[in-house]
Amino acid sequence: MDKCKYSTAVILGISIILSAGREILAQPMQEMTPMVGAEIFIEPGQTAEEIDTWYRLMKENGMTICRIRMFETYMHKPDGTWDYSLFDLAYQAAGKYGIKVWGNLFPATDFRDVGGFKFPRSKEHLESIAEYIKNLVNHFKQFKSCYGWVLINEPGSGTLPDEVFTMEMFRDWKNKQLSLPFNNQGYNIFSFDEERFLVEYNTWFLNWLRNEVYKYDPGSHLHVNNHAIFQNVAEYNFPAWRQVLTSLGGSAHASWHFGYFSRNRYTVAMSANCEIIRSGAGELPWLMTEIQGGNNTYSGFHAMCPTRAEISQWLWTVIASGGKGGIFWTLNPRASGFEAGEWAMINFQDEPSDRLIAAGKVAGVLKDNAGLFAAARPVESGINVLYIRESLWVEKKLQTGGEPYEGRDIGGVMKSALAYFEALGEMGLQCNLKEIGEFDFSKPDYAGITIILAHQVALPSRYWKGLENFVKSGGKLIVDGLTAYYDENAHCILKTGFPLEELFGGNVREFKLTGNIFNINLDNPKLALPGHCWQGTLITTTAMPIGYSNQEIIASRNTFGKGEVIWIPALSGLAGRIQGYSPLVALLENELRPDLTLVPFRFRERQEGMLLKTLKSDESYVTLVVNKSGVARSIALINNTKMKPLILFADKGGTVTGNDVITISSEETIVLLWK
Amino acid sequence: MDKCKYSTAVILGISIILSAGREILAQPMQEMTPMVGAEIFIEPGQTAEEIDTWYRLMKENGMTICRIRMFETYMHKPDGTWDYSLFDLAYQAAGKYGIKVWGNLFPATDFRDVGGFKFPRSKEHLESIAEYIKNLVNHFKQFKSCYGWVLINEPGSGTLPDEVFTMEMFRDWKNKQLSLPFNNQGYNIFSFDEERFLVEYNTWFLNWLRNEVYKYDPGSHLHVNNHAIFQNVAEYNFPAWRQVLTSLGGSAHASWHFGYFSRNRYTVAMSANCEIIRSGAGELPWLMTEIQGGNNTYSGFHAMCPTRAEISQWLWTVIASGGKGGIFWTLNPRASGFEAGEWAMINFQDEPSDRLIAAGKVAGVLKDNAGLFAAARPVESGINVLYIRESLWVEKKLQTGGEPYEGRDIGGVMKSALAYFEALGEMGLQCNLKEIGEFDFSKPDYAGITIILAHQVALPSRYWKGLENFVKSGGKLIVDGLTAYYDENAHCILKTGFPLEELFGGNVREFKLTGNIFNINLDNPKLALPGHCWQGTLITTTAMPIGYSNQEIIASRNTFGKGEVIWIPALSGLAGRIQGYSPLVALLENELRPDLTLVPFRFRERQEGMLLKTLKSDESYVTLVVNKSGVARSIALINNTKMKPLILFADKGGTVTGNDVITISSEETIVLLWK
Amino acid sequence: MDKCKYSTAVILGISIILSAGREILAQPMQEMTPMVGAEIFIEPGQTAEEIDTWYRLMKENGMTICRIRMFETYMHKPDGTWDYSLFDLAYQAAGKYGIKVWGNLFPATDFRDVGGFKFPRSKEHLESIAEYIKNLVNHFKQFKSCYGWVLINEPGSGTLPDEVFTMEMFRDWKNKQLSLPFNNQGYNIFSFDEERFLVEYNTWFLNWLRNEVYKYDPGSHLHVNNHAIFQNVAEYNFPAWRQVLTSLGGSAHASWHFGYFSRNRYTVAMSANCEIIRSGAGELPWLMTEIQGGNNTYSGFHAMCPTRAEISQWLWTVIASGGKGGIFWTLNPRASGFEAGEWAMINFQDEPSDRLIAAGKVAGVLKDNAGLFAAARPVESGINVLYIRESLWVEKKLQTGGEPYEGRDIGGVMKSALAYFEALGEMGLQCNLKEIGEFDFSKPDYAGITIILAHQVALPSRYWKGLENFVKSGGKLIVDGLTAYYDENAHCILKTGFPLEELFGGNVREFKLTGNIFNINLDNPKLALPGHCWQGTLITTTAMPIGYSNQEIIASRNTFGKGEVIWIPALSGLAGRIQGYSPLVALLENELRPDLTLVPFRFRERQEGMLLKTLKSDESYVTLVVNKSGVARSIALINNTKMKPLILFADKGGTVTGNDVITISSEETIVLLWK
């Protein structure tokens, strides 16, 4: 490498600006205005001028934060010495333009390794990572622009790597497991040790990384980005991560991660991704650490180039979900390796693309309304779509191949939860999307609160009491599909004394695979829902039947304490996802109506392909509306407030008439301020 | 495991009823009325009350036999002791309700092993199996309900396992092989040693198991169930198994095994499966050891839940094929492991499903006509569709991938045989479906007998003389497709002096891949058959051409001795399977007409989607008719007897008018008694 | 093996005819009339009579050359002795009928090895190959019929075999590599060592084989046949092979190798295959070493049986491409092993098929016009479609899977080049199809010469100057797709100072994945081209924009020196391949018009599915026209000569009216002589 090249830094008049106490850390992120930023991809070959240009472009387009992959390979020389000069240029330029830098730990790995390793390979490897962290952190913490550390890129590996270190950790872990708390009633059960260990192992490694960083930069901001959330989520224990991190993040790349969605649903995919992370973060702040910024050449599963409209949609969706900002991958294209020339927000002439300009416009609105957005928090609708880690595990373990059914293949569990999320979205309702372990079952009163368990096939025993308490205390529980077929051990609890019989007010008689789509005729409410794959039949104890097929009960409603359980043992959510949500929306309207008076804004009528999210900031509301329907629309809202709207952002000339009718072009994003 | 749990047996007042000479073995199975039964799936966690309930339900629904998977894992304790108490409960309850029990040997294997291993892994493993058998058999033979042993679950592994024991057996086997009896004429040939050894190895292991069982329970009833017959059949040497077993069986699960058929053809699939096993059994009795009893959740390739109509169809098809009964998999759902909650005939409340009730109705008819059915034997039509083990081997070995053609891909050989079976079925004719080695070529006279060789690509040299003798002695041979292209070594005998030239009365000039479907215009009879994939052209010696294309002979008819060979060197069977059997039925009508006067009943006209099978019992006939056409039908029979019909069974109100017109609903099964 | 069998040679009165100086080698192949021939597949089991018959059939059908696979396995006895007698019969029969024999080296390999190994496995293996060559060559060089040696069957393995010998060679090769000549500008780069070594390794092995043969038969004719050219071509360094071989060849089997084409494009596939080999051969003569002669049973990816019309088309296409003949695979079917009974030009009765008769008719025309065809050379149109080895490598290395796009998947690079080849073909223009390294960049003047670089994603640095010189000196360069996105290291040169900026007159701003098909509206010429996958936008320096989309430049025209560069940064070729070439032909008409006055014959209008190729022989022209359009056609030519046509060959009664209108049946081949 030609070191002389970096001496151009001197020519540019840059001197190392040390972090005088790093005042940028003073303000808690939770109180900050959301930031717009991008990854600056640093690699040898780049010049100081280029790097300076990129930071200048960031500043010119309203960006205030960047993330850098801190390649050990490009710092740690073969002779053992360290040369940080290339990355110094970036930290210095960031300081010059007032950009915060998150250094993403990236210990040495093969040039062809696109995302980095997820676990150490050996004790020696672990030691070399510690040594890397020591050198890296001690050096870069000196910069004023240093805003902390991303501990690892995209943890989440799918399966346990078959490597010495991992296998030893696994062995030790197994030796430490006490007898299972679960009462197996004498039945033999599957082991989910690998899955359980993988969850803890991810947390362990994050914590180890934190401890290493904090040896040299105690109290610094720590962040991490999960990825491929709809597939990998069962591997992440977000509540445990809250003890490790300062803020949570994610990678949400349309072309790599949104395979469960078609392109016109990528915005709702982004919304779902945000809600999962928001729930995971709990009281921690969060932001979207990687959002696709540019074109795919050979990389990406569903190759694409985002439009400027999509950039606005995604960024506003993050903000309207309470995110503290979004960082695009990437500002500048890397020139070498996989993804060379791809993903960038600037063109090959270092000029802003229409996408960067679009992001800049969002940043401008945020800046102009800094206080408003700093204080804005998502409005709580009281609706909770829950997914269950063990349901994902069981669904995966029991696969035997064969003719495809969406509900039976891998993905059926998550897509069923997403289906309710999407159907509620068509009503203009924003709901929580939580792993069941993230739901707080300890409250005394759940009046007005709804939980939806859609085809969550495995319902672990540790949640049974909590669910009972939830309903008993006024909550509403909607049960869909094969929910509670298994417990956490893939044991069929329908067979061996159904532990939820009292709560649900009945039992399943049988499930029968009935077809891809079939009808479920309900009496109360009176409507015909589509079902998918299996039709369950019930025998009720305390529940009231609300639907019959061939003289058999196929749905029921059970009052339990102050609450109620609606049980439709068929995949109605997924059926709606396949052929349209109109009947499901009608059902949800009926079930949720009493509680919706508290929701400030929603659609007057079901709106296919529209997204609505609302933030509250002190006494104001901020509402995001996105039109993915493919045509221009006029949308009537139910406005439960007395407030009047102001347009903060509309990228295609959208307007508001009166206090409740929005006129919006196809692909347009509108942000309204209500006062 | 909680042993105390089983002490509830005492509470129920059950005491061990020893098998006082086991009089249930006294009656030869061949003379018995067909039995209806089910697998009772026993696993720790179950209570004595549950087990008792299941046997009671069996009795209440007319079931008289059960099969139990005798898990060593649940008997043989880690300390080396044996605890049979869980399974004792089952044998005792069976005795209480008069149910016969087949104990299915199931030596220790992993909990995730759904079907059990097929061969020992090592000498030590073999010894441990022997030890298991000793303990198992010595204990359970004491029970009055003990009706013998199923030696292994579903032998048939597809390929040789790469394990020490197998490899040593294979090496020894190869060392013992003498020089091939085959005259290779100097040509190099493929080795089919692995395939040949696998056949013998399966038989060897069955025989070893028999010998171990007979050390402790000599003369007991021994049974085994093959599986996935249309794929695995080339691995089974049924004639050799006759020396090992008391009765033959099979697993015939729609969702696992009938992939060559669409759902509306599952009944004909069951019929074909039965005929293969009937032929394999020879003089031995046979029954269907596993029939799908319930729903699939995650298991099964073509997931489904049988309807009650299908249960009737399948069970009657077994009986009308001469089977001594059918055992459903399963009565009760297992609660743990793969298939938990699936496959069962009772619901989660231990109540009979509509399927169990349907099976019980069949059982009732059998019981009410016990003598009739005990003596009933399939009527012999004289028609034999033969498949050839080596044709399956060669087809598999020569695959090179590429664009699919049904006739060229794996399955072409078996589907071609099935095509003729199906076409004959649409005529109301029941034919034999035999491996060629099961056909008796030693008779002096074959007048009225037909053999169909449909795309049996490899015709081993050991059958050449037999086929000549068959035709010479009055038999009719119908040859379709690439039959006799190869010998048993995949050597192309068309090229090197066609050994069947005299019999067929000619030679193949060429085969040409012509398309998915093309026309074959015949002169005698005058009709246009569809062909598939290859069109062969002939040069005749003694044969008479009966079809031309571009001045080339494409079909011929050869008189040979007292018989005749019809040769159509194109895949007419498979073409019919693809686009309908009407032309093929016309051809078969023409060819078989003289011999059909002996068949008591058949359809007056071709009936798509209808099944007809006939048993003879002393001077009566019993006829099964199933309607899979999707609509209600009135079907005219040709009744070559003077007899009049009585309805024994009709599950949707079907009727008979006069002596020959049946009115039958869609999916209905009708059983008629003719006197 | 039965040696006595071969003594029938004596009965036939054959004695070994020694090669008295082998006068058949005297005439240089380049001056010979093209030959028609076939592989004689020799295997033990065959009789002397059969072998004699096959050679007689060859002679009777005008064939003059054969190739024989010289199986070591059938010569080298287990006791170490050599028995050549079987193959002697073939060389003798060949001599008797005046057929030249190419002995194809085929050292011992497994019976199941269809194509032979491509590299030695070990040093010992290499020595055994040398020993085989010594024995083989010393023996068979004695025959008068010996016409030389095919060094290996179908070199080209796709990837480096993971075997000791190869790995050691690779290690040694890497140790010898000097520092890369390439200036990586400091950027890290991918290694393409394996790909680069594989190219050299293939050449090394060919050369080693040559040296071994020349130890015993110096100066003998050496030939080799590559295969699957559209996939494997990146592995072949034809210019280097010119130093090793006497003539170049190829295997061009429709059913194995033409998967990028549908059947009605197999003739253009053959034409493209020929042009690649012609370019590779340079001044060396070449012929097509393997052409599919007969039917597929189980072999072949796209199984088929060629029609006699296809045989004529393929053979004439070879000849009209300047080939010195074609050898069909095979004359006789092998009887054992993979491909038994397949591929042959004679039937199972050793009679000529319609395909052999068709080939014989072509041979007859060649014989009757021997001088004409001996001197005939393809007419040079000055148009060069270039493909680039490194583009194929980079495309393959960067694959990440996912949703398919033809232009993004493996094959996009080659299909893009083929698209222009096909579009030019619809204009009746024959172009060169060359690896860029085969193009001569050293000339002083390129007026009237065109190069097309269609989606050649990687443009190695060593060609940059040459391309500049080409255009500067009057050449025209047409650039399509992502050409020059990467250099030879998959480094994105669009990003780091585009080295072709001056030549192209601009830079790429961005590529955006836009869809499967989209429109590109050009101003000059005025037309709407379809594009595929990505749309590039340009920033021009010296170039003139010739197309806009959303105010962005999407095509340009740059005058550079005496020449011009047309740059359309979208996949227009592949888009045409997907939905028709009409707009692309319009563009090419416009660009090439000034230069086409030199082309003697072309179509007056675009002709879909028609092929036209022209040879020049002294002062005459020979023109091939093939009709693959599916219907009979009358085709008007532009005849830039004053000459009048004579029909040399027309296999379906085609005629010529006036000097320029050809009436031709579907599937017909017409060959015209113009004087």
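Modeller: A rotation of 120° with 0.0 Å of shift along its axis puts chain A on chain B, at an RMSD of 0.0 Å. Copies are superposed by least squares on the C-alpha atoms of residues with pLDDT of at least 70 in both. This is a predicted model, where local features need pLDDT of at least 70, side-chain atom pairs count only at pLDDT 80 or more, and totals for chains, interfaces and linings use all residues. Residues are numbered from 1 along each chain as its sequence is written, chains are lettered from A and ligands numbered from 1 in the order in which they are written, and side-chain values use heavy atoms, with hydrogens and water left out.

Colleague: OK, the interfaces. How many residues do chain A and chain B put into their contact?
Modeller: Chain A puts in 37 residues and chain B 38 residues. Contact means heavy atoms within 4.5 Å.

Colleague: And what area is buried between chain A and chain B?
Modeller: About 3100 Å², with carbon and sulfur atoms giving 53%. Buried area is the accessible area (1.4 Å probe) that two parts lose on being put together, summed over both.

Colleague: How many salt bridges are there between chain A and chain B?
Modeller: Four. A salt bridge has a side-chain nitrogen of Lys or Arg within 4 Å of a carboxyl oxygen of Asp or Glu. One of them pairs Glu510(A) with Arg355(B), and the closest N and O atoms are 2.5 Å apart.

Colleague: How many residue pairs are in polar contact there?
Modeller: Between chain A and chain B, 23 residue pairs, both residues at pLDDT 80 or more. A polar contact is a pair of N or O atoms within 3.5 Å; within protein, one must be able to donate a hydrogen and the other to accept it, and residues adjacent in sequence count only if both atoms are side-chain atoms.

Colleague: Which elements of chain A give two or more residues to the side that touches chain B?
Modeller: Helix H14 (389-397), strand S14 (506-523) and strand S15 (526-540) of chain A. S14(A) gives the most, with seven residues. Helices (H or I, at least four residues) and strands (E, at least two) are DSSP runs, numbered from the N terminus.

Colleague: Different topic. Where is Gln430(C)?
Modeller: In the loop between helix H15 (412-426) and strand S11 (432-435) of chain C.

Colleague: Is Gln430(C) buried or exposed?
Modeller: Buried, because its relative accessibility is 11%. Buried means under 20% relative accessible area, exposed over 50%, partly exposed in between (1.4 Å probe, protein chains only).

Colleague: What does Gln430(C) touch?
Modeller: Leaving out residues up to four places away in sequence, its contacts include Glu275(C), Pro378(C), Ser381(C) and Thr614(C). With Thr614(C), the backbone nitrogen lies 2.7 Å from a polar atom of the Gln430(C) side chain.
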